[in-house]
Amino acid sequence: MHAELGQYLIILAFFMCMSLAIFPMIGSFTKNAVLIHSARPLTYLIFTSLLGAFLCLEYSFLIDDFSVSYVASHSNSLLPTIYKITAVWGGHEGSFLLWVLTLAGWMLFVALRTQHFPLIRYCRILSVLGFICLGFVSFMLFTSNPFERTLPFVPIDGSDLNPLLQDLAMIIHPPMLYMGYVGFAVAFAFAIAALIEGKWDAAWARRTRPWAIAAWVCLTIGMMLGSWWAYYELGWGGWWFWDPSENASFMPWIAGTALIHSLAVTDKRDSFKGWTLALSLVTFSLCLFGTFLIRSGVITSVHAFSNDPERGVFILMFLLVIVGASILLFITRAGGITKKVNFDFYSKDMFLLLNNILLISATFVVFFGTIYPMIAEAFGRKLSVGAPWFNAIFPWPMFMLFVLLGIGPLLNWKRHDFSKLIPVLVKIAIVALVLSLIATFSLGEFYLWVLSGLFLSFWIAGSSMFFLSHTTRHANWQSKLSKLSNANLGMVIAHLGVAVTLIGIIISSLHSVEKDLRVGVGQTVEVGGYEFRMLKSEYIKGQNYEASRVSFMVSENGDEITVLAPEKRYYLAGKQIMTEASIDPGLTRDIYVSLGEALDDKQQVWAVRIYVKPFIRWIWMGAIFMGIGGIIAALDRRFRQLPKTAHDSHKTPDKETTQDPIGTTVGESA
Amino acid sequence: MAMKPHRKKKLLAIVGGVLALSVAVGLILYASGQKMNLFYTPSEIAQGKAPLDQIIRVGGLVKMGTVEHVDRDDSVLETRFVVTDKAMDINVTFDRVLPDLFREGQGVVALGRIDEQGVFVATEVLAKHDEEYKAPEVLDALERAGHPVKKDD
């Protein structure tokens with residue numbers, strides 16, 4: 001019965017979404033109070049019914065109800081309970097239910113947290129979100145029903161959850177990622193409501209900021225978890241493959257990064273308005289495009305769920321409706337919103353504009369590389385665009401961005417006496433150069449990429465440190481932190497995160513030692529200054545798999561460091577073979593061993609992958625910094641304060657702008 | 001030239017923008033010629049259609065009974081196998097660990113280049129992901145060689 005109840009709840013949600021998309025919107029134009037006030041209860045109902053549907057699916061998994069075909073194909077009676085719970089989002093249909101539930105969660109949150117908005121605006125935002133939700137719910141209902149039954153031929157047991165997904169990081173990666181993806185729907189809905197209203201001021205941009213930052217944080221952490229998971233679980237030791245499905249989440253991430261920066265300009269200066277609105281629309285459209293890439297089957301990868309063209313067509317239609325409506329609204333309404341605000345070249349405004357240009361170029365590079373194979377195929381040529389192409393192009397806009405990143409935060413809004421800043425920048429650059437030279441040569445072989453990458457990392461870090469000390473220069477040691485606004489502190493932490501990630505990427509990319517070798521029991525091989533002795537190869541049995549486990553004694557100059565024991569697992573239910581890498585993690589280097597196949601019948605000789613990867617953890621560590629920085633910034637009190645009137649908010653002197661970062665007084669007074 | 005300061009700034013911004021854009025497009029075009037990997041079937045390679053100096057992709061089925069692990073003394077891996085589109089074959093050699101899903105008779109896509117002896121030296125081998133899925137390139141290779149695979153195959 002639970003499956004039918006779940007099905008019923010989805011249908012209920014479908015009608016609620018339809019009502020939410022239509023009635024409050026009509027009410028907002030006809031000034032009908034009943035229709036306007038229906039927005040909030042409808043949102044509550046949508047969330048409740050989708051949560052109910054999700055719990056029904058959870059229940060079907062927990063009681064091993066293999067008469068539900070989604071359960072039968074993604075679970076198994078032998079599966080450990082924790083994975084039965086998470087298997088709900090282990091496939092296309094269930095993960096889409098989670099996706100829709102996540103959107104409903106954001107809607108609930110919006111309904112609860114924006115009640116101080118003018119009523120018309122409030123109901124329009126919810127109504128736009130309702131329309132998006134309607135699109136997703138109907139997609140689920142008509143093409144991807146998770147509650148479809150296998151009757152009358154109920155399988156005795158399920159065919160198991162993909163063993164790759166039987167993993168802890170995989171439990172949180174999809175929900176986090178989805179929260180990021182659909183989170184940008186909130187900024188989108190704000191922008192659409194603004195366009196309908198024909199008014200968008202600094203106060204409204206300020207309201208959008210915490211929502212956009214929150215979505216960005218979720219996407220950052222979600223991608224970080226996915227990258228980390230790929231590294232230890234796929235057994236290739238890579239952390240980023242420029243796979244189309246990774247790009248699917250990377251494009252909205254870069255555009256979202258541009259968005260949170262441009263929102264800051266609109267908030268502080270009441271400028272860049274049309275641009276910021278356009279970015280909100282573009283970011284969410286890229287989220288939808290990513291959904292299309294992953295769920296339509298046009299690409300094939302670990303993430304691609306299905307090869308059902310019907311689904312692809314549906315999402316494509318929905319994408320076209322959203323993009324078409326956005327463009328139409330933007331063209332007809334944005335004209336009245338934009339406003340001309342002057343600023344000098346040496347100003348925070350200008351550097352944030354450059355930031356946006358570079359980030360959008362980077363987004364375009366990823367977009368081009370992702371869709372080019374599809375375009376080429378349409379013209380009858382099969383080709384692939386992979387890491388070599390992306391690695392040749394993507395670093396350029398990024399490196400330019402990192403140069404500016406060291407300068408932009410130190411500038412005043414509108415105008416800055418740059419000559420006063422030059423000595424400071426020269427000092428930071430000299431320190432960064434000396435440190436990066438030392439670091440580059442102590443790493444061994446010289447690479448220009450390493451030198452420039454490390455220089456930029458130290459440059460960003462040095463500039464951030466200077467920013468901190470300068471902004472808090474009048475405070476005594478104890479009260480220094482309280483002198484910083486949350487937004488500034490968050491910014492500094494996130495920028496330091498960029499430096500940390502950059503160090504990780506650069507060093508691990510160029511200084512990793514990767515060897516694929518043929519090793520037998522008792523044999524010792526040397527990789528990257530470590531000796532690996534194969535101790536034994538044995539057979540073991542887990543709860544739902546059997547495995548060969550091969551142990552290695554790892555030592556450095558004769559000193560034993562650790563024993564690593566990678567496994568080759570055979571999952572019984574799905575008859576799948578899987579590689580379980582064994583890693584000795586460290587702040588400055590990871591030792592990574594994984595198994596290929598046995599090269600003899602007695603399993604005493606193996607193809608073995610041995611990697612020594614310096615500083616690889618810094619990649620994910622930096623992403624965590626970015627996430628923490630984002631959370632701190634999103635909690636800035638300023639975002640929750642109501643300006644006296646919405647119109648003069650940009651004239652109200654802000655704490656930050658009057659702090660006068662670099663000691664010139666020209667900036668604000670002029 | 002008497003130009004109002006804000007005009008001059010605007011001009012500078014436009015010139016800068018156009019410059020940046022052209023550099024970006026130039027870079028993309030340059031790298032595109034170099035770094036994109038075209039796909040060829042074993043038959044096309046046999047007909048000499050594939051370039052010898054470029055990294056290409058080749059796809060097909062791993063021919064039954066052809067996978068051989070070369071026993072070398074120096075711990076270096078070497079695997080040889082034959083990829084076929086059921087019309088023509090190509091010998092492949094690979095010195096890294098094979099993916100878990102690599103099996104004889106199954107679809108495979110290899111990245112690498114053809115050496116002077118006509119052997120495909122692979123730097124990367126991708127195998128299909130599950131029982132139902134065959135890489136579209138593999139399907140295409142079989143189809144072009146006159147062995148279309150039924151959808152429910």
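**Annotated span.** I began with the UniProt record, an unreviewed entry, which annotates residues 89-296 of chain A as "domain: Cytochrome c assembly protein". The model I am reading is predicted. I took the end C-alpha atoms of residues 89-296 of chain A and found them 17 Å apart. I noted that the span is 76% helix and 0% strand.

**Helix α8(A).** I checked the length of helix α8 (residues 168-197) of chain A. Its 30 residues should span 44 Å at 1.5 Å a residue, and its end C-alpha atoms are 45 Å apart, so the two agree. I then looked at burial and counted 24 of the 30 residues of α8(A) as buried, so I logged the helix as mostly covered. After α8(A) comes A:Gly198, for which I read a positive phi, near 75°.

**Helix pair α9(A) and α20(A).** I looked up how helix α9 (residues 202-233) of chain A packs with helix α20 (residues 617-634) of chain A: the angle is about 165° and the axes are 9 Å apart. An angle over 145 degrees counts as roughly antiparallel, and α9(A) and α20(A) are therefore roughly antiparallel to each other. I recorded their crossing as left-handed. The contact residues of α9(A) include A:Pro210, A:Trp216, A:Met224 and A:Trp228. Those of α20(A) include A:Trp620, A:Met626, A:Gly627 and A:Gly630.

**Chain B against chain A.** How many residues of chain B are in contact with chain A? I found 29, in contact with 31 residues of chain A. On the chain B side, α1 (5-35), β1 (37-40) and α3 (136-144) each supply at least two residues. I noted that α1(B) gives the largest share of that side, nine residues.

Terms used:
Residues are numbered from 1 along each chain as its sequence is written. Chains are lettered from A and ligands numbered from 1 in the order in which they are written. This is a predicted model: local features need pLDDT of at least 70, side-chain atom pairs count only at pLDDT 80 or more; totals for chains, interfaces and linings use all residues. UniProt positions are given in the numbering used here, feature names are shortened, and annotations may be inferred rather than shown by experiment. Helices (H or I, at least four residues) and strands (E, at least two) are DSSP runs, numbered from the N terminus. The expected span of a helix is 1.5 Å times one less than its number of residues. A residue is buried if 20 or more other C-beta atoms lie within 10 Å of its own, exposed if 12 or fewer, and partly exposed in between; C-beta atoms are placed from the backbone. Axes are lines fitted to C-alpha atoms, for helices over the stretch in contact, and angles run from 0 to 180 degrees between N-to-C directions. Angles under 35 degrees count as roughly parallel, over 145 as roughly antiparallel, 65 to 115 as roughly perpendicular and the rest as oblique. A crossing is left-handed if the near helix is turned anticlockwise from the far one by less than a right angle, and right-handed if clockwise. Two residues are in contact if their C-beta atoms, placed from the backbone, lie within 7 Å.
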